[in-house]
Every structure is written in structure tokens, then in C-alpha cells.
Amino acid sequence: MKNAEIIIIGGGVVGASVAYHLTESGAKDVLILERENLLGKGSTGKATGGVRAQFETEINIKMSLYSLDVFKHFKELTGFDCDYEPRGYLFVATDQAQLDFLKVSVERQKSLGAEGVEIVDTQTISRRIENLNCADIVGGSFGERDGFINPLGVLEGFAKKAQQNGARILNETEVFSIETRNGKVSAVATNYGKIECEKIVLCAGAWARKLARSAGIDLPVEPLKRQIVWAKSKTNFQNDLPMVIDLSTGFHFRPAKDSINEILFACSDRNETPNFSTDFEESFIAEVYEKAKHRAPFLCETKVVRSKCRAGLYENTPDHHAILGGCQIENLYFANGFSGHGVMHSPATGRALSEIMLGGKAEFLDVLCLSLDRFAKGELLRETAFI
Ligand SMILES: Cc1cc2nc3c(=O)[nH]c(=O)nc-3n(C[C@H](O)[C@H](O)[C@H](O)COP(=O)(O)OP(=O)(O)OC[C@H]3O[C@@H](n4cnc5c(N)ncnc54)[C@H](O)[C@@H]3O)c2cc1C
């Protein structure tokens, strides 16, 4: 097997973005190793493609604002369409504490440059979303630049452009371990044998922890199942329906892309324990319909499209923020732990990693707060707006 200067482990949207940004910055010998027969078969292929700048922490907001600009110009940058559709995200609050939280977050988002984000009152919400039960809603926030992209479109754009720039991609190549020599990475062991390299970036999503451990590093990334119910209505939904998120229950729904009468809905399960199962649970259907009954009764008229329902894995960290950058093993880098935001943050992540790997530091955005050592130092971040 031909050696490589830089090995990227994992061919999801994050690995592809890192490859794109590295090769755009002049890196010549970049190799993506993916164990599946195609890119995108991990969490990227399960993602629903929501993008938003409505976060609580400065770093998540900044990562989103940068990434939204990239999605807007994605075709000019990569030659591929990512179908960015700014339909908006509406968060609804059912008590004053939630509304206060949204107010503080919106002010922070605006102060960091977010445009078109505002606090909205109950009347505005009820006008904007036909047939939403607003009886217990005290207000909300709406971000008009938030919306949807096609996760596999983003992956394809980054991966194809990286290949045009000279990156190589090897599918059906599973990495078993990361090898080190004198405190520095030296190779990966794969089903095709050893591949020597100068630098490694671990982009293996929910499966990254075991590989990090092979190099002696504890990467606190755990797999958490997330499920989506896909349903179809006999009648069309309003054509400007945004993503709607109920802060009190985590219940959310959004229109399916390219369809006026199909909808995706879900809720987070705070009791889910880490495991690698991606089996869709039938009982989840009743669970989300129960939540829909209260907030959006019109969804109860829909019929489940069982073949499109899905379950995938979040790659979760203890503080629900990504882990970006290096560690005590020289030339070993991580781009993991996005906790549900990996597609939307893939542009900022790729750029940050490429700047760190080629220049020692992310210049366009200070991402030091996302370093792995924050866990050892007890400097965890705090994001409440995760779903
Ligand atoms: C139901 C659901 C909905 C979601 N919705 C959204 C959303 O709306 N917006 C958003 O931004 N994010 C969303 N996410 C999260 C998002 O999907 C992930 O954060 C993102 O895809 C992570 O990308 P990744 O490239 O790091 O991981 P992945 O896409 O999982 O890629 C990792 C790759 O590494 C490969 N791999 C693993 N181990 C090895 C090995 N040993 N050797 C070689 N290859 C290996 C895997 O096969 C995989 O292809 C959602 C996730 C789920 C499950």
C-alpha cells in the first residue's frame, strides 16, 4: 500500500471537508481511508440536514455563521450544489425561563454578526405556522438564515473537489489502529496492511474513541442513537414551513426536502444510553406522535412512510461540543464529537483542522476552547440548545 503524508480516517462529511480544505491550502499527499464501500454511510447519510446559527455558545454560533456563508457559496467553491434552503428555524418557549434563555442567546447571536434572527411573540408564531397549538407558548425565536442543506451533497462537493485537488480516497479500507513512534504518529494498521504517514486526522465519527485509544488517548466521544420519523400528508403543508423546535420537549419537525406533503419529525431521548445500535425502534413512532398530538395536531393526520424512517448515531461529548485539534501525540489530530451538528459545522471544522495541521493554529477562528485538553482541565463548555 502506497504511503501518504496525511491520512484522514473516516469518509463522512467531516473527513471530506478536512481533505478539501487541506488540498485547497496546498497539501499534496492526502489520503482518506473509509471502511465502507461508499463515502457517507455513517452518520452523514442519516442526518436530516438542518443548519442553524441559533446556538447558545459563542463558538457554536461562530462555527455556524462561517459555515452558513460557505453553504451559500458552495457551488462557486466546489462546483457542486448543497441545496442550501434558508427556510428558518423557529424555537418555541413555554415558560419565561426558556424565553429569557432565547432572548440572551439571540442577543449573543446578533452581537456576533447573525442577521435576520429575532424574538417573536405568540401571535407572530401562530400567524407564521398554520395550525400550531400556541395555547401554552409564551414566545420564541426565529432565525431566517437557518434552514436546510443536503448532507450528502455537502459531502460530495468536498470529496470530489478534494480529489480534483489530488486527494486519494480508499473505500473498504478499515483502520484497526494508529501506530506511534517516539511520541509521534507513524502509520495506521488496516485490512490492507500498514500505511505509513506523517500526520493523521481522526474523522471516524461515533466510532473514533476506540481508534484514539489505540494511540493511548482517551477521546470522550460516545455513540447516541437518534431517530427520525418520516410521514406523508394527504394535503400539502404550507410552502414556507420552517424547522419548528419545542424547547420544553425537544419535539421538532421540518418539511422533507423537495416535497410539499412529506415531513420529518423527532424528539431527543435524554435517557438514551451510549450504544452503537442503529435499529429503528417501532415504539418511537408512537412516542413522537404523542408529542405531535399536543404541539402540532395536524401532524397526527399524516401516515408514516416506514421505509424512510431511520436511526443513526450522534457522536456525543460530555459538553455537546466538538473536539478539534491535536493532542500529546505529535501529529495526531481530532475532528470529532459534534453532538448533532457535524454536517452544519463541517465547513468551519475543515478549515480549522487544515490551518492547525499546516500552520499550527486556526487563524480564521479561535477554536482553542474545543481542544481535547478542556476535559482534563475541567473547562467544559455549556450549550443548552442541543436537540
Ligand atoms: C438522525 C440524525 C439526524 C441528524 N441531523 C443533523 C442535522 O440536521 N444537522 C447536522 O449538522 N447534523 C446532524 N446530525 C449529526 C451528523 O450526522 C453528524 O454530526 C455528522 O454526520 C458527523 O460527520 P462525520 O464525518 O464526523 O461522521 P460520519 O458521517 O459518521 O463519518 C465517519 C466515517 O468514518 C468511518 N469509519 C469509522 N471507523 C472507521 C475505521 N476504523 N476505519 C475506516 N473508516 C472508519 C465510518 O464508516 C464513517 O463513514 C444528525 C445525526 C443523526 C443520526
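Predicted model: local features only at pLDDT ≥ 70, side-chain atom pairs only at ≥ 80, totals over all residues.
**View 1. The shell of residues around the ligand.** The ligand is surrounded by 40 residues, and the closest of these are G12, G42, G205, G312 and G342. Two or more residues of this shell are given by each of the elements α1 (13-24), β13 (222-232) and β18 (310-316), and the largest share, four residues, comes from β18.

**View 2. The open sheet of six strands.** The strands of this sheet follow the order β8-β2-β1-β12-β20-β19, and their pairing is mixed. At its edges stand β8 (168-170) and β19 (323-326), each of which pairs on one side only. On average, and with direction ignored, neighbouring strands of the sheet are turned by 20° against each other. Within the sheet, strand β1 (residues 6-9) pairs with strand β12 (residues 199-202) in the parallel sense over four bridges, and I9 has L202 as its bridge partner in β12.

**View 3. The hairpin of β19 and β20.** Strand β19 is joined to strand β20 (residues 332-336) by four bridges, and the two strands run antiparallel. One of the pairs to look for is that of L324 with A335, the latter being the bridge partner in β20. Five residues lie between the strands of this hairpin, in which N331 takes a positive phi near 70°.

**View 4. The open sheet of three strands.** Strands β9, β10 and β11 form an open sheet in that order, with antiparallel pairing. Because β9 (175-181) and β11 (193-196) stand at the edges with a single partner strand each, one side of each is left without a neighbour in the sheet. From one strand to the next, the twist averages 30°. Strand β10 (residues 184-190) and β11 run antiparallel and are joined by four bridges; in this pairing, A187 has E196 of β11 as its bridge partner.

**View 5. Packing of helix α2 against helix α9.** Two packed helices are described by the angle between their axes and the distance between the axes. Helix α2 (residues 58-72) packs with helix α9 (residues 346-359) at an angle of about 105°, and their axes are 7 Å apart. Angles of 65 to 115 degrees count as roughly perpendicular, and α2 and α9 are therefore roughly perpendicular to each other. On the α2 side the contact is made by M63, Y66, S67 and V70, and on the α9 side by S346, P347 and A348. Sorted by class, the contact of α2 with α9 has five nonpolar and two polar residues, with no charged residues.

Methods:
Residues numbered from 1 in each chain as written. Pairing = 2+ DSSP bridges. Axes fitted to C-alpha atoms, helices over the stretch in contact; angles between N-to-C directions. Near = placed C-beta within 6 Å. Parallel < 35°, antiparallel > 145°, perpendicular 65-115°, else oblique. Contact = placed C-beta atoms within 7 Å. Nonpolar A, V, L, I, M, F, W, Y, C, P; charged D, E, K, R; others polar.
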